[in-house]
Structures are given as C-alpha cells and as structure tokens.
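Look at the structure, then read on.

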Amino acid sequence: LGTLETVLKRLAVLMAPFTPFIAEQVWQKVHAEDEAESVHLERWPNEMPKVDSAALLQMTRVRKMVEYGLSLRKDAKVKVRQPLGQFVYTGEALDTAYESIIAEELNVKKVAHATELQSGWEIREEVDMHVALDLTMTEELKKEGLLRELIRSVNGKRKAQGLTRDARVHVTVQTESAMVQEVVDTYKDAFASAVLADSITLGDADAEEEVLNGERLHISVTK
C-alpha cells in the first residue's frame, strides 16, 4: 500500500501541469498530513530514477533469445502451448532470473548456457549469439501439451456460453483415445482448477467431435 501511495503521489505531481484538476483529486486522496495541502504547492521532482544499464542490456538479450526461440518453434510448426524440454544459448551467461523469463516465454522446462550447441536440435545462428531448441517430444511432454489443449478448449466453450469468469462448471470428456483418458485421469486436479470445474468425468458428452493434438474427443461443459 505504501508503494502504491508513493507512485500515485509522484504521478499526481507529474500530471499537475497538464491535468490540474485530476491531479489535485488524486493528491487529496493520498497525501500525508505533513505534505503540501495542494499538489500545486508540492515541489517538482529534481531527481530522475537511476537507470540500471546492466539490467537493460540483459533484458535486450532476453528479448532477442525469446524472439529467436519463437522463430524456431514457428519453423518447426510447434505451438507455444506445447511444452518442450530445453533451450540452449551461447555467449555470455545470463542470471537464472533472466533464464526463468525465457523459459516461461518459450514454454520450455530448462534454459541453459553452453559454449557449443548440440547437433540434432533446431538451431539458429546470429552474429551476437547462437541458440538451439530441443524438439524431442517425450510422452510426458505430449501429455502436458494435450492438457493445455484441453484447458484451451474448455475455456473457449465457457466463453462461447457467456459464462462469468467465476462460474463453476461440470466437464465431461468422451473419447476412445487412451492418451486423452490418461491425461484426464492423471491431471484431473490441475485440469479442474484451470477451468473452474467442480467435476471432470469420462463419459458420454453431448458435444461435437473435435481433434486436439491428433486425438479425437467430445467435450461438454455444463453448469
């Protein structure tokens, strides 16, 4: 709360020359008793926050790596919703916090630094760095990818039915696919949590057939 008040007060001061009345309203709601009674009596900030040039440089590299990684996915026709095992890059090593950002953006389990790239992976070579993406599709990764497709499908049906974001539903999945059945059974709790379902069951579903990651199934969503 203290941080928010500080931000709002600084914003009110900066807004004052351009939107004096709105700035004054904001100031009156957040200023402390020992501060100026009006935003127009407050001193203009004489110090700008210091820019962390090292962090900016790191984030520039992160954006490039994400761009290169997404292009490798696109070239290989692998959707971002499909988790992958590993992304590797050369050049200067990044801090783990930045590698975590890359892992999340590229939907990979691990981001690693290397001096040489492993052959057999999808590779992109640029002047400033080389990157590689492991496209090996294990059974576990296939199941996680299918789970994401199931979640996307159910949430799409929720939206099509005009359900509110907090509406609870019941989901029924009908399929002869052993893969779909295993994913529903194995990840039932995560599936239910992601789509706000009180129940996830395998059975007869009154819905049109759809194909997710090559698996045929029917999904019904009811309140």
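## Strands 7 and 8

Strand 7 and strand 8 (residues 215–222) run antiparallel and are joined by four bridges. Within this pair, Val-211 sits opposite Arg-216 of strand 8. Strands (E, at least two residues) and helices (H or I, at least four) are DSSP runs, numbered from the N terminus. Two strands pair if DSSP finds at least two bridges between them.

This is a predicted model: local features need pLDDT of at least 70, side-chain atom pairs count only at pLDDT 80 or more, and totals for chains, interfaces and linings use all residues. Residues are numbered from 1 along each chain as its sequence is written, and side-chain values use heavy atoms, with hydrogens and water left out.

The order 6-5-8-7 describes an open sheet of four strands with mixed pairing. Strand 6 (197–202) and strand 7 (209–212) are at the edges with a single partner strand each, so one side of each has no neighbour in the sheet. On average, neighbouring strands of this sheet are turned by 30 degrees against each other, direction ignored.

## Helices on the sheet

Helix 5 (residues 139–160) packs on the sheet and touches strand 5 (169–174), strand 7 and strand 8. Its direction makes about 40 degrees with that of strand 8. Helix 7 (residues 188–195) lies across strand 5 and strand 6, at about 135 degrees to strand 6. Axes are lines fitted to C-alpha atoms, for helices over the stretch in contact; angles run from 0 to 180 degrees between N-to-C directions. Contact means heavy atoms within 4.5 Å.

## Gln-82

Gln-82 lies in the loop between helix 3 (53–76) and strand 1 (84–89). Gln-82 is buried, with a relative accessible area of 10%. Buried means under 20%, exposed over 50%, partly exposed in between (1.4 Å probe, protein chains only). Not counting residues up to four places away in sequence, Gln-82 touches residues including Arg-73, Asn-107 and Asn-213.
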